[in-house]
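Here are my notes from a pass through this model, as promised. Have it open while you read.

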Amino acid sequence: MKYQFGLLGIFLAAFATMSRAETQLPPGHPLVGLWRINLPEQACSEIYDIRTDGTTQILSGGQVVQTRYDISLRPDSQGFYKWVDTVVQVNDQPDCMGHKVPNGNVATNYIVMHATGSKFMMCQKAELETCFGPFLKEAGI
C-alpha cells in the first residue's frame, strides 16, 4: 500500500506541474501583451497574446493554439529572452503556412526586443542570423 501511495504522489506531482504555467510574468514585462507578425507572402498575419499567467494564445490562419510558456524574466548578457512554449490545446485547422501544430509540441526560441519595446524579433538560436519578424505590439484587437 505504501508503494501505491508513492506512485500516486508522483503522478499527482507530475500532473500539477503539467497543469500550471512554468513562468508567470509581471504585468510590466516587455513581452506581455498582443503581438502581430505580418506574413505578406501568405497574405496572413499571426497574433500572439502573451498573458501574465504563463499562457499564450496564438491565432494563425484558421489555427487557434493555447500554450504554456517558460519565458526568462530578464534577457541574457547578449540581450535574448529564452522562450520555451508547449502546446496544450489546438484546433484542427492549418496555420498561415498551411501546417498543423500537434498537441504537446515544444518550441524553444529566443526573443530580442527593440529598444522602443514596440517590436521584437524571434530567433531559432540566440544568434541574430536566425531571427525573423518583426512582431509588432498591438494596442488591442
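Predicted model: local features only at pLDDT ≥ 70, side-chain atom pairs only at ≥ 80, totals over all residues.

1. Let's start with the packing. The largest nonpolar core holds 23 residues. L31, Y48, I50, W83, I111 and F120 have the most contacts inside it. Six strands each put in at least two residues: β1 (33-39), β2 (44-50), β4 (63-71), β5 (80-90), β6 (106-113) and β7 (119-123). The largest share comes from β5, with four residues.

2. W83 deserves a click. If you leave out its neighbours within four places in sequence, W83 is in contact with Y48, I50, T56, Y69, D70, I71, A107, T108, N109, I111, F120 and M122. Y48, I50, I111 and F120 in that list are also among the residues with the most contacts inside the core.

3. Now for the sulfurs. How many disulfides are there? The count is two, and with the bonded cysteines numbered along the chain the pattern is 1-2, 3-4.

4. One of the disulfides joins C44 to C96, with 1.9 Å from S to S. C44 sits in strand β2 and C96 in the loop between β5 and β6, so this link ties together parts that are 52 residues apart in sequence. The torsion about the S-S bond is about -60°, so this disulfide is left-handed. Both ends are buried: C44 has 17% relative accessibility, and C96 has a relative accessible area of 11%.

5. The other disulfide runs from C123 to C131, again with S to S at 1.9 Å. Here the angle about the S-S bond is 85° and the link is right-handed. C123 counts as buried because its relative accessibility is 0%. C131 is at 19%, and it too counts as buried, since the cut-off for buried is under 20%.

6. Next, a histidine to check. H29 lies in the loop between α1 (2-19) and β1, and it is buried at 5% relative accessibility. What does the side chain of H29 reach? It is the backbone oxygen of S72, at 3.2 Å. Not counting residues up to four places away in sequence, H29 touches I71, S72, L73 and Y81.

7. Q63 is another buried polar residue, at 4% relative accessibility, and its place is in strand β4. Its side chain has a polar atom 3.0 Å from the backbone oxygen of Q93. There is also a polar atom of the Q63 side chain 3.4 Å from the backbone oxygen of H99. Beyond residues up to four places away in sequence, Q63 touches I58, V90, N91, Q93, P94, D95, H99, K100 and V101.

8. Last, the open space. The largest pocket has about 570 Å³ and is lined by 24 residues, of which E46, Y48, I58, N109 and M122 are the closest to its centre. β1, β2, β3 (55-60), β4, β5, β6 and β8 (131-138) each give at least two residues to the lining.

Notes: Residues numbered from 1 in each chain as written. Heavy atoms only, no water. Core = buried A, V, L, I, M, F, W, Y, C linked by side-chain atoms within 4.5 Å. Buried < 20%, exposed > 50% of the residue type's maximum accessible area, 1.4 Å probe, protein only. Contact = heavy atoms within 4.5 Å. Polar contact = N/O pair within 3.5 Å; in protein donor to acceptor, adjacent residues only side chain to side chain. Disulfide = S-S within 2.5 Å. 1 Å grid on protein atoms, 1.4 Å probe; cavity = no way out; pocket = protein on both sides within 12 Å on 5 of 7 lines; lining within 4 Å. Points joined across faces, edges and corners; volume = space filled by probe spheres on them.
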